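Here is a note for a colleague who is new to reading protein models. Please keep the structure open while going through the points.

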Amino acid sequence: RPRPVAGLVSWPDVRKEACNSVKYDTPEWIAWLAGILDGEGWIGMAQGLRPASRFRGIYHSPGLQLATTSRPMMERAASIIEAITGCHVPLYRKVDNTAEASGHRPAWVIRFTARSTILLILSTVRPYLVAKDQQADLLMGYLRRHAALPWSRARTEATVEADQIDFDRLRLLNGRPGDVETLARLQRMLGLTEKEIHREPN
């Protein structure tokens, strides 16, 4: 039986039927996706170390993720992203035996690591973001900076420092405002106070 979603359209149980009958690349649905990303999303970077490589050193991996226990909501989000990117978007079920044993519902996850895909999605939803607008701007700046550089120049001292600044700022914006080590590093690299660091990036 169809279930109403936000009073806009009916959501059939069969996702394929919905995809064939609803146009998702509209401003209304893109704004809806931005709201889900604001509330249930993560925009950031992971940091790692290449110990044995000619590109030895710290590297950063950008990521974009949505996660919630509502599968219909995630299916709707996947359909909108498919309309934006033209690519199939798989759903992953996050396995957490401890949480499920406690009666919690499983989480459903959509995750992106491809840089061009992340940039396309963020640039599309950016006008509608409210809570994660700063994260989107930082990550898009990082992605555009690297897209404009050949790989041979991506490891220069200037880009490595800029990447570290972006990573640290994203780390603080994503829920670690009291990270003393990260704050100290940013203050040293930027010459800013803690209050200035938490302001909207240029």
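The points below go from the whole chain to its strands, its core and its cavity.

1. Overall make-up. This is a predicted model. The protein chain has 9 helices and 6 strands. Of its 202 residues, 40% count as buried. Among contacts with a separation of 6 or more, 59% are between residues 24 or more positions apart.

2. Strands β3 and β4. Strand β3 covers residues 41-50 and strand β4 covers residues 57-68. The two pair in the antiparallel sense, over 10 bridges. To find one of these pairs, look for I43, whose bridge partner in β4 is L64.

3. Strand β6 and its partners. Strand β6 (residues 107-112) runs antiparallel to β4, and 5 bridges join them. Two positions can be checked by eye: A67 stands opposite V109 in β6, and Q65 stands opposite R111. Strand β5 (residues 92-94) also pairs with β6 in the antiparallel sense, over 3 bridges. Here Y92 stands opposite V109.

4. Residue I43. Is I43 buried or exposed? I43, which lies in strand β3, is buried, with a relative accessible area of 0%. Apart from its neighbours within four places in sequence, I43 is in contact with L37, G63, L64, L122, K132, Q135, A136, L139, L170 and N174. One of these, Q135, is 92 residues away along the chain, yet the C-alpha atoms of I43 and Q135 are separated by 6.0 Å.

5. In soluble globular proteins, nonpolar side chains tend to be buried together. In this model the largest nonpolar core has 37 residues, and L66, L122 and L139 touch the most other members. At least two residues of this core come from each of α2 (27-40), β3, β4, α3 (71-85), β6, α5 (115-125), α6 (133-147) and α7 (157-173). The largest share, 7 residues, is that of α2.

6. Residue L139. Which residues does L139 contact, leaving aside its neighbours within four places in sequence? They are I43, G44, M45, P62, G63, I118, L122 and L170. L122 and L139 were both named above for touching the most other core members, along with L66.

7. Helix α5. The buried residues of this helix are T117, I118, L119, I121, L122 and V125. They pack against α2, β3, β4, α3, β6 and α6.

8. The cavity. A search of the whole structure finds 1 cavity of 30 Å³ or more. The largest cavity has a volume of about 70 Å³. What lines the largest cavity? Its lining consists of L33, A34, L37, L64, L66, I81, F112, I121 and V125. The elements giving two or more residues to this lining are α2, β4 and α5, and α2 gives the most, with 3 residues. By class, the lining has 9 nonpolar residues, no polar ones and no charged ones.

Conventions
Residues numbered from 1 in each chain as written. Predicted model: local features only at pLDDT ≥ 70, side-chain atom pairs only at ≥ 80, totals over all residues. Heavy atoms only, no water. Pairing = 2+ DSSP bridges. Helix = DSSP H or I, 4+ residues; strand = E, 2+ residues; numbered from the N terminus. Core = buried A, V, L, I, M, F, W, Y, C linked by side-chain atoms within 4.5 Å. Buried < 20%, exposed > 50% of the residue type's maximum accessible area, 1.4 Å probe, protein only. Contact = heavy atoms within 4.5 Å. 1 Å grid on protein atoms, 1.4 Å probe; cavity = no way out; pocket = protein on both sides within 12 Å on 5 of 7 lines; lining within 4 Å. Points joined across faces, edges and corners; volume = space filled by probe spheres on them. Nonpolar A, V, L, I, M, F, W, Y, C, P; charged D, E, K, R; others polar.
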